Amino acid sequence: RVQIGARGIDDDEYGNHVTWNAAFGHALTPATQLHANAGTAFRAPSANDLYGFGGNPNFDPETSISGEIGIEHRLTGVDSIRLVGFVTVIDDLIETNPVTFTVEQTEKARIRGVELGYSHAAADWQWTLDYTYLDPKNLDVDQRLARRARHTGNASVRYAKTAWWTEAALLYQSERRDSRFSDAVMDAYTTVDIAAGYR
């Protein structure tokens, strides 16, 4: 499977920009799927970035290029695992500095990581487990980007029978620096969501 796309953006302030994306998928075996994709992105600064409190009207737009490669393997008729690696390189990343309450622009940043996942989908039950390791770096100063957790975990379970369904989800994020301009560290946290419904 192959997919190719392109988008043209005409911005009154920043001119014409073309972004693209390409994706490729291949069945290595009936149970094993390989995929790869790449693409670019463009984001013009918002009015708040330019003229809000702490903004800067001289900001350039953000541009980025991303790539991903992954493999998924079906263990049984209802169980599968997947492994995905990804990287994004961003030029002129716009971020808020919580120490000075100003908006700043990083000339070059890189976010890369790996994700491991498991899913189970039977008639009544669905389970998912995901773990993501993230390496977000400000390449200008060779330092981790602020407020981005290195470790993230997700787990969910859903049960549906006749017209009733119920589900629970857990999210964990590890500690992360509040800002590259201070030593403050934001604590790790876990959230749990529970829901139920009737069709």
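Two strands are said to pair if DSSP finds at least two bridges between them. Strands themselves are DSSP runs (E, at least two residues) numbered from the N terminus.

The model described here is predicted, so that local features need pLDDT of at least 70 and side-chain atom pairs count only at pLDDT 80 or more, while totals for chains, interfaces and linings use all residues. Residues are numbered from 1 along each chain as its sequence is written, and side-chain values use heavy atoms, with hydrogens and water left out.

**Strand pairing**

Strand E3 is joined to E4 by 12 bridges, and the two run antiparallel. Further pairings are set out below.

| Strands | Bridges | Direction |
|---|---|---|
| E2 (residues 15–29) and E3 (residues 32–43) | 8 bridges | antiparallel |
| E3 and E4 (residues 62–74) | 12 bridges | antiparallel |
| E4 and E5 | 12 bridges | antiparallel |

E2 and E3 form a hairpin with 2 residues between them, and Thr29 stands opposite Thr32 in E3. A hairpin through 4 residues connects E4 to E5; here Ile71 is the bridge partner of Leu83 in E5.

**Surface patch and salt bridges**

Ile71, which lies in strand E4, also belongs to a nonpolar surface patch of about 580 Å², together with Leu28, Leu83, Val114, Leu116, Tyr131 and Tyr133. Such a patch is made of residues with over 30% relative accessible area and no salt bridge, its nonpolar side chains (Val, Leu, Ile, Met, Phe, Trp, Tyr) being joined within 5 Å. Accessible areas come from the Shrake-Rupley method with a 1.4 Å probe. Strands E6 and E7 (125–138) each supply at least two residues of the patch.

A salt bridge is a side-chain nitrogen of Lys or Arg within 4 Å of a carboxyl oxygen of Asp or Glu. The count comes to 13 salt bridges. In one of them, Asp135 and Arg110 have their closest N and O atoms 3.4 Å apart. This pair links distant parts of the chain, with Asp135 in strand E7 and Arg110 in strand E6, 25 residues apart.

**The largest pocket**

A pocket is an open set of points on a 1 Å grid where a 1.4 Å probe fits, with protein on both sides within 12 Å along at least five of seven lines; lining residues have an atom within 4 Å of a point. The largest pocket has a volume of about 220 Å³. Of its 15 lining residues, Glu95, Thr96, Asn97, Pro98 and Ala146 are the closest to its centre. Strands E5 (79–97) and E6 (102–121) each supply at least two lining residues.

Note on methods:
Grid points are joined across faces, edges and corners, and a volume is the space filled by probe spheres set on the points. Patches are made of residues with over 30% relative accessible area and no salt bridge: like charges are joined within 9 Å, nonpolar side chains (Val, Leu, Ile, Met, Phe, Trp, Tyr) within 5 Å.
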